[in-house]
Amino acid sequence: MEEIRHRIRIVLCRPSHPGNIGAAARAMKAMGLSDLRLVAPERYPAPEAEWMATNAADVLKNATVHAGLKEAVADCVATFALSARPREWSPQVLDVRTAAARATQLNGDVAFVFGNEAAGLTNEEMFACQYLVHIPANPAFSSLNLAQAVQVVCYELFVASGYVQEALLTDY
């Protein structure tokens with residue numbers, strides 16, 4: 001997991017609530033990830049982010065802020081866009097488990113890209129990515145909170161990396 005976790009970037013595009021930034025940082029740290037990138041956040045830094053990060057202040061402190069998505073993922077060989085909405089045309093569509101497995105098998109840095117809380121990713125942001133990722137959910141209500149979606153993706157990356165077996169053997 002050590003090598004894999006340094007190749008994964010979590011990118012939040014235009015997050016509007018700093019609490020979600022902090023909660024995403026906490027979710028990342030719990031699953032062994034630390035590279036958080038923020039694209040044009042509405043309010044950051046902010047106390048709400050720190051409050052929600054709970055012991056993941058290091059992830060927040062090292063987060064980088066970017067003006068646009070292309071800048072945020074310039075060092076990545078693949079990008080995975082998260083969306084609950086179907087699109088008329090989109091990159092290759094994967095479920096989150098398959099996307100995590102593919103990401104951990106690629107050589108080079110990869111990014112999982114999330115849209116803002118109200119509208120998700122723009123078409124331009126989605127088309128900048130090679131893959132469209134769905135988190136299977138209730139078809140009648142498939143919208144997850146931003147930080148919850150980050151948690152699901154980070155967990156699937158944790159499992160796909162094989163780190164879960166090592167974590168189970170750790171003496172608590």
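User: D109: buried or exposed?

Analyst: D109 counts as buried, at 18% relative accessibility. Buried is under 20% relative accessible area, exposed over 50%, partly exposed in between (1.4 Å probe, protein chains only). This is a predicted model, where local features need pLDDT of at least 70 and side-chain atom pairs count only at pLDDT 80 or more, while totals for chains, interfaces and linings use all residues. Residues are numbered from 1 along each chain as its sequence is written, and side-chain values use heavy atoms, without hydrogens or water.

User: Which strand is D109 in?

Analyst: Strand β6, residues 109-114. Strands (E, at least two residues) and helices (H or I, at least four) are DSSP runs, numbered from the N terminus.

User: What does the D109 side chain pair with?

Analyst: The side chain of R9, through a polar contact of 2.9 Å. That term means N or O atoms within 3.5 Å, one able to donate a hydrogen and the other to accept it.

User: And which residues does D109 touch?

Analyst: Leaving out residues up to four places away in sequence, H6, R7, R9, D75, C76, V77 and A78. Contact is heavy atoms within 4.5 Å.

User: On to α6. Which of its residues are buried?

Analyst: V96, A99, A100, A103 and T104, in a helix that spans 96-105. Down the α6 axis they fall within an arc of 130 degrees, so they line one face. The arc uses directions from the axis to the C-beta atoms.

User: What is exposed on the other side of α6?

Analyst: R97 and Q105.

User: Where does the D95 side chain reach?

Analyst: At the start of α6, one of its oxygens comes to within 3.0 Å of the R97 backbone nitrogen.
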